[in-house]
Amino acid sequence: MKFSFHRFILLLKLQFAVNRRFYLLGSAAVAGLLFIYMFFRAANGDFGFEFAAQEESYDFTLLFSCITFGTLVFRQFGSRHGRIQALMLPVSALERLAVAFLLVFILFPLAITFIYMLCNALVNQVDIHVLGHPNELYFFNGEVEIQAVTILFLLLPVVFLCAIWFRKLTFVKTLVMLCVPILVFSFFNSMLGKMMISSTQPANHEGTRFIYWAATPLRYLTITNGTEGQQGGFRTYNLVLPPDQQWIFTLFLCLIPVVFIYLAYLKLREQEL
Amino acid sequence: MVSLQHLHFSYKKTVPILRDVNLELAPGRIYGLLGKNGAGKSSLMYNICGLLFPASGSCSVLGHTPPRREPAFLQQVYLLPEDFELPDMDIPHYLRLYAPFYPAFSPSAFEEYLKAFGIGTDEHLRALSHGQQKQVLISFALATNARLILMDEPTNGLDIPSKRQFRKVIAGSLQEGQCIVISTHQVKDLDSLIDEVLILEDHRVILQQPVSSITEKLSFRQVMSLEETEAPIYSEGGLKGYAVVAVNRRAEQSRMDMEMFFNAVMAEKEKILPLFNH
């Protein structure tokens, strides 16, 4: 594994210079779409563009935009002459991976966040002063963003691998690749949970019926209960593993991105014309 | 400098492109790689520079294994592709971005080559014609001072004066430790430039000979009638009589006609190849 910081900087400069028009137009497109959506919500919502809506929209924008731009990070490999030029450039696969990593995992999310916050601040001012909706300005809210960023960082390694794996229709194929394992994994996980729980009931359930509901992969099972013959009044229980056992599953979860990034490195290194 | 031993390559297992290719290239020479369409010329070049990986056999270039594509190897090998797309920027910007990747790059040589082609140093790349863009790329390739320069159809798209200029620039730029391989169909363009001829046919290199050795064994003549000369190996009729390729029994000095030679080898393999294979 050869790595030179000098070549890394040169490659980063080259990436920006060659793609500057694409990045500028892409940013303008994101900002334009955000403005249309935000103004529509502010003008047509009963309470304007509310705090909760601003928060939800940020999470969606961050995920969708980062995945879109992420799939195009190796777009020079899409054409034969682009591939020749890219592969003949005197840089190692690790340097190429490092530049793509910096863009996809750090710079794209930061740029999207900046664009979103800028658009949101402007729309919020219009919402308050012109449309008369006194909505609080959203500027990060703690736990929700951590969850969004966690999901993003779990998805981006897959995007990363797909970006180098698929030469044509990268975006569409990546979306399919993201959906298929999520659906399969969720279905498999739910089936597994159901099989484990089966029709088992606690020893002293005293007329209360427990129903298996769902399971969050590698984190907890969700079970609801209700009294037999009674409508409504369900309670939800999350069955969590003891902390000394949970770390094994957490570690497994953390290893998934590492595996995908390593596969992307191998694919870059073994890339042929 | 370049050593290929029993190299096999195929895109699909059932369709071989290169079969048992053995090749040695030395520094200080310009090689002309000739072959019919689909003979595998580009594939051979891509195997040499690490863009394609051989199925079996060994390939060593400047002491490196090309498929590893180490930066130290890529700094010494430059491939000029047949098709290319230059970024949307001017020449000085292109130079600032790409030249630092090549430690031996010479900006003054680059300017000199551009001048020879008649291209301004501040031109915008997208404002140039395809042929002029190719000239910029040729100038860049030579200015990298890479030890191995591979050129795939470099004269395609060049006008007649540019082809002449190309020959002049290449001949003047070759350094002692440098080797240039030119793959082309337009063999006439490179007649006076090539030191050694490589012919690819039936998925392998069937001939590798210096021009001096070819003209020593074969004579190239223009005659009005075929009776004027002893039985030629190969002849082509034209308005001004016949161009013939014959065995050079009288040690005549003749100028090699690359196109005639290539056509002669393709048509009369059994007669020509034995002359060189002993």
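Me: Which residues are buried in α1(B)?
Reply: This is a predicted model, to be clear. In α1(B), the buried residues are K41(B), S42(B), S43(B), L44(B), M45(B), Y46(B), N47(B), I48(B) and C49(B).

Me: How many of the nine residues of that helix is that?
Reply: Nine of the nine residues of α1 (residues 41-49) of chain B are buried, so the helix is largely enclosed by the rest of the structure.

Me: And what follows α1(B)?
Reply: G50(B) follows α1(B). The phi of G50(B) is positive, near 90 degrees.

Me: Staying with chain B. How is chain B divided?
Reply: Into domain 1, residues 2-202, and domain 2, residues 212-276. The C-alpha centres of these domains of chain B are 30 Å apart.

Me: Switching to chain A. What is its secondary structure?
Reply: Chain A has seven helices and three strands. From the N terminus, the order is α-α-α-α-α-α-β-β-β-α.

Me: What share of chain A is buried?
Reply: Buried residues are 24% of the 273 residues in chain A.

Me: And what share of contacts in chain A join residues at least 24 apart?
Reply: 68%, among contacts between residues at least 6 apart in sequence.

Me: Helix packing next. At what angle do α2 and α4 of chain A pack?
Reply: About 140 degrees, with the axes of α2 (residues 51-71) and α4 (residues 93-129) of chain A 9 Å apart. Angles over 145 degrees would count as roughly antiparallel. α2(A) and α4(A) are therefore oblique to each other. The crossing of α2(A) with α4(A) is right-handed.

Me: Which residues meet there, in α2(A) and in α4(A)?
Reply: From α2(A), Q54(A), Y58(A), T61(A), L62(A), S65(A), C66(A), F69(A) and G70(A). They meet V104(A), F108(A), P109(A), I112(A), T113(A), Y116(A) and N120(A) in α4(A). By class, the contact of α2(A) with α4(A) has nine nonpolar residues, six polar and no charged ones.

Me: How do the axes of α4(A) and α7 of chain A cross?
Reply: At roughly 130 degrees, and the axes of α4(A) and α7 (residues 243-269) of chain A come within 9 Å. That makes α4(A) oblique to α7(A). α4(A) passes α7(A) in a right-handed crossing.

Me: Which residues make that contact, on α4(A) and on α7(A)?
Reply: α4(A) uses A93(A), L94(A), R96(A) and L97(A). α7(A) uses A264(A), Y265(A), L268(A) and R269(A). The classes for the contact of α4(A) with α7(A) are six nonpolar, no polar and two charged residues.

Me: Last topic, the two chains together. How many residues of chain A are in contact with chain B?
Reply: 20 residues of chain A, in contact with 22 residues of chain B. On the chain A side, α1 (5-44) and α3 (80-87) are the elements that give two or more residues.

Me: Which element of chain A has the largest share of that side?
Reply: α1(A), with seven residues. By class, the side of chain A that touches chain B has eleven nonpolar residues, four polar and five charged.

Conventions
Residues numbered from 1 in each chain as written. Chains lettered and ligands numbered in written order. Predicted model: local features only at pLDDT ≥ 70, side-chain atom pairs only at ≥ 80, totals over all residues. Contact = placed C-beta atoms within 7 Å. Helix = DSSP H or I, 4+ residues; strand = E, 2+ residues; numbered from the N terminus. Nonpolar A, V, L, I, M, F, W, Y, C, P; charged D, E, K, R; others polar. Axes fitted to C-alpha atoms, helices over the stretch in contact; angles between N-to-C directions. Parallel < 35°, antiparallel > 145°, perpendicular 65-115°, else oblique. Left-handed = near helix turned anticlockwise from the far one by under 90°. Domains from an automatic or database assignment. Buried ≥ 20, exposed ≤ 12 C-beta atoms within 10 Å, placed from the backbone.
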